[in-house]
Amino acid sequence: MKPNDVKALLDLKSDQFNRPDFIKNDPIQIPHRFRKKQDIEIAGLFAATLAWGQRKTIINNCDRLMELMGNAPHDFILNHAKADLRSFSNFKHRTFNPTDLFYFFEFLSWYYKKYSSLEDAFVADTIEAGLVNFHDLFFSLPGYPKRTIKHISTPERKSACKRLNMYLRWMVRDDDRGVDFGIWKKIKPSLLICPCDVHVDRVARKLKLIKRKQVDWQTALELTNNLRKFDPVDPVKYDFALFGLGVDEKF
């Protein structure tokens with residue numbers, strides 16, 4: 001396909017999939033249950049962190065986690081007692097286990113007692129620098145479990161950081177479609193990097209938007225730089241098109 005044809009297809013499919021109907025089958029439905037900014041941030045971080053595997057399983061496990069937190073994640077993070085953690089002793093999603101969960105609680109409790117929004121942990125001149133900053137801050141508490149490192153990616157390990165880039169899309173993108181939240185204003189949508197999951201990667205390669213053989217941070221940059229040619233202000237809106245074409249239309 002010629003570049004103009006690719007743009008036309010992606011514009012069409014972005015419009016088709018970036019609608020409220022998208023929410024019901026996607027992990028983004030978890031933070032959409034809340035109105036308080038901090039609840040959205042915390043629910044969104046857990047939903048994004050657990051977003052690998054079957055979407056139904058992801059959503060079910062996120063449901064359970066929110067219920068265990070009393071469907072008030074910010075209040076739980078700030079005010080839970082050690083005894084409250086017993087309810088989470090059997091929580092697991094794939095390789096994410098209670099050891100990981102309890103450290104997430106520890107970090108978030110420490111963080112929200114100092115700062116009002118998780119946005120500040122990601123703010124930097126570039127998304128790459130912001131992701132590195134968040135990773136380093138997240139693991140700045142003494143005695144963090146080494147096993148948890150695999151659940152918070154960083155470009156410094158050459159990861160495509162697909163789940164964190166998806167989380168940033170949720171928090172930063174601001175339009176009138178009702179899917180992404182747009183509650184973070186210190187990061188420009190033009191700086192976002194496209195989440196490069198297996199479906200997006202496959203469709204993007206078919207459309208000649210990726211040439212790099214492996215899937216790593218440079219691959220995510222290559223894809224996003226090509227998407228910026230179609231829309232430099234909001235390149236990651238095309239995540240809806242690429243994901244929808246891959247999952248719903250088997251393109």
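A: Happy to. Helices (H or I, at least four residues) and strands (E, at least two) are DSSP runs, numbered from the N terminus. With that, the elements of the chain run α-α-α-α-α-α-α-α-α-α from the N terminus on. This is a predicted model, where local features need pLDDT of at least 70, side-chain atom pairs count only at pLDDT 80 or more, and totals for chains, interfaces and linings use all residues. Residues are numbered from 1 along each chain as its sequence is written, and side-chain values use heavy atoms, with hydrogens and water left out.

Q: How many helices and strands does the chain have?
A: The chain has 10 helices and 0 strands. Its radius of gyration is 18 Å, close to the 18 Å that the globule rule gives for 251 residues, so the chain is as compact as a globular protein of that length. That radius is taken over C-alpha atoms, and the globule rule is 2.2 Å times the number of residues to the power 0.38.

Q: And what box do the C-alpha atoms fill?
A: Roughly 60 × 35 × 30 Å, taken along the principal axes.

Q: OK, what share of the residues is buried?
A: Buried residues make up 55% of the 251 in the chain. Here buried means under 20% relative accessible area, exposed over 50%, and partly exposed in between (1.4 Å probe, protein chains only).

Q: Switching to cysteines: how many disulfides does a search of the whole structure find?
A: The search finds 0. The cut-off for a disulfide is a pair of cysteine sulfur atoms within 2.5 Å.

Q: What about Lys 208, buried or exposed?
A: Lys 208 counts as exposed, at 62% relative accessibility. Lys 208 also has a positive phi, near 65 degrees, in a residue other than glycine. You'll find Lys 208 in the loop between helix H8 (198–206) and helix H9 (217–228).

Q: You mentioned H7. How many of its residues are buried?
A: H7 is mostly covered, with 9 of its 11 residues buried. Among them are Asn 165, Tyr 167, Arg 169 and Trp 170.

Q: What covers the buried residues of H7?
A: The cover includes helix H2 (37–49), H6, H9 and helix H10 (238–247).

Q: Last one: what does Thr 148 touch?
A: Thr 148 touches Thr 99, Asp 100, Tyr 103, Phe 104, Phe 138 and Phe 139, not counting residues up to four places away in sequence. A contact means heavy atoms within 4.5 Å. Thr 148 lies in the loop between H6 and H7, and is buried, with a relative accessible area of 0%.
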